[in-house]
Amino acid sequence: FSRSLVTQNVLITDLDGLARRRGERFDFTARTSFGYMKDLLTQGPGDQVRVSYAFAELVDRERGLGARIGRQSRGMAGVPSTFDGELGTWQWRPDFGFGLAAGMPTLSTREGPDQDRRFISAGANFANSSRSWDSTAYLLAQEYKGLTDRRSLGVETRYMAPGRTLFAMVDYDLHFADFNSVMLLGTLFTESRWTLSLDASRQRSPQLSLRNAMIGQ
């Protein structure tokens, strides 16, 4: 007995567009990245649209100010990796800057903005003159359907030099009074061609929040 079954039959189209203009003072960037899956099955799951990026950004180099609005990826300072919202930056001094982000986290690039979850994050970053070392301290507040979802306080540190790298991160939830993540990663390349690596971490999976506080705990 044999049976032939088609589980997927789709036409996939991806498009990535980038427009950039560099002026004497202002820089403008606009980017879109999306995909379209045309379902060719009679009783399939239907067509799907995936939007990874869709934002516009304006930077004032003279004042060190930047603003970005739309679907974007941050992936640092406690901000969800992909979100729909606004990001503002101010490079106060060459070695010291501030960032402010607000919006709605995106669980999947195939979905629209998550109206139930909203966040705001403020951070400050510092780097030494050689740019081999930089640190970011941040505070993030997130709500889920009007209730406290997350209240995170964190620090991220990165160090890069010839033959050695180090990354350390601590994220502490003030609302649940517990650590979300503690991480230390390092690599050392010796002159005798040995490579020494360090990977120590303790992380919540999924991340501790009101929405999923009891999942897998």
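These legends walk through several close-up views of one predicted model. Residues are numbered from 1 along each chain as its sequence is written, and side-chain values use heavy atoms, with hydrogens and water left out. Because the model is predicted, local features need pLDDT of at least 70 and side-chain atom pairs count only at pLDDT 80 or more, while totals for chains, interfaces and linings use all residues.

**View 1. The whole sheet, from E1 to E12.** Here you have an open sheet of 12 strands, ordered E1-E2-E3-E4-E5-E6-E7-E8-E9-E10-E11-E12, with antiparallel pairing. Strands are DSSP runs (E, at least two residues), numbered from the N terminus, and two of them pair if DSSP finds at least two bridges between them. Strand E1 (10-22) and strand E12 (195-203) stand at the edges with a single partner strand each, so one side of each has no neighbour in the sheet. From one strand to the next, the twist averages 10 degrees (axes are lines fitted to C-alpha atoms, and angles run from 0 to 180 degrees between N-to-C directions).

View 2. Strand E5 (residues 82-93) and strand E6 (residues 96-105) pair in the antiparallel sense over 9 bridges, and their hairpin has 2 residues between the strands. Phenylalanine 83 has proline 105 in E6 as its bridge partner. On the other pairing shown here, 8 bridges join E6 to strand E7 (residues 117-127), again antiparallel, and glycine 97 stands opposite asparagine 125 in E7. Look also for Leu65, Trp90, Trp92 and Phe98, which make a nonpolar surface patch of about 390 Å². Such a patch joins nonpolar side chains (Val, Leu, Ile, Met, Phe, Trp, Tyr) within 5 Å, from residues with over 30% relative accessible area and no salt bridge (a side-chain nitrogen of Lys or Arg within 4 Å of a carboxyl oxygen of Asp or Glu). Areas come from the Shrake-Rupley method with a 1.4 Å probe. Tryptophan 90 lies in E5 and, at 37% relative accessibility, counts as partly exposed (buried is under 20%, exposed over 50%, partly exposed in between).

**View 3. Strands E8 and E9, and the loop that links them.** Strand E8 (residues 133-144) and strand E9 (residues 147-161) pair antiparallel over 12 bridges. Leucine 139 stands opposite leucine 153 in E9. In the loop between the two strands sits lysine 145, which is exposed, with a relative accessible area of 56%. Lysine 145 isn't a glycine, yet has a positive phi of about 55 degrees. Most residues other than glycine have a negative phi.

**View 4. Strand E10 and its two partners.** E9 and strand E10 are joined by 10 bridges and run antiparallel; methionine 160 stands opposite threonine 165 in E10. Their hairpin has 2 residues between the strands, and glycine 163 takes a positive phi near 90 degrees. E10 also pairs with strand E11 (residues 178-189) in the antiparallel sense, over 10 bridges, with phenylalanine 167 opposite leucine 185. This hairpin has 4 residues between its strands, and alanine 177 in the turn has a positive phi of about 55 degrees.

**View 5. Aspartate 171, a residue in strand E10.** Aspartate 171 is buried, with a relative accessible area of 3%. Its side chain makes a polar contact with the side chain of serine 152 (3.4 Å). A polar contact is a pair of N or O atoms within 3.5 Å; within protein, one must be able to donate a hydrogen and the other to accept it, and residues adjacent in sequence count only if both atoms are side-chain atoms.

Notes:
Patches are made of residues with over 30% relative accessible area and no salt bridge: like charges are joined within 9 Å, nonpolar side chains (Val, Leu, Ile, Met, Phe, Trp, Tyr) within 5 Å. Buried means under 20% relative accessible area, exposed over 50%, partly exposed in between (1.4 Å probe, protein chains only).
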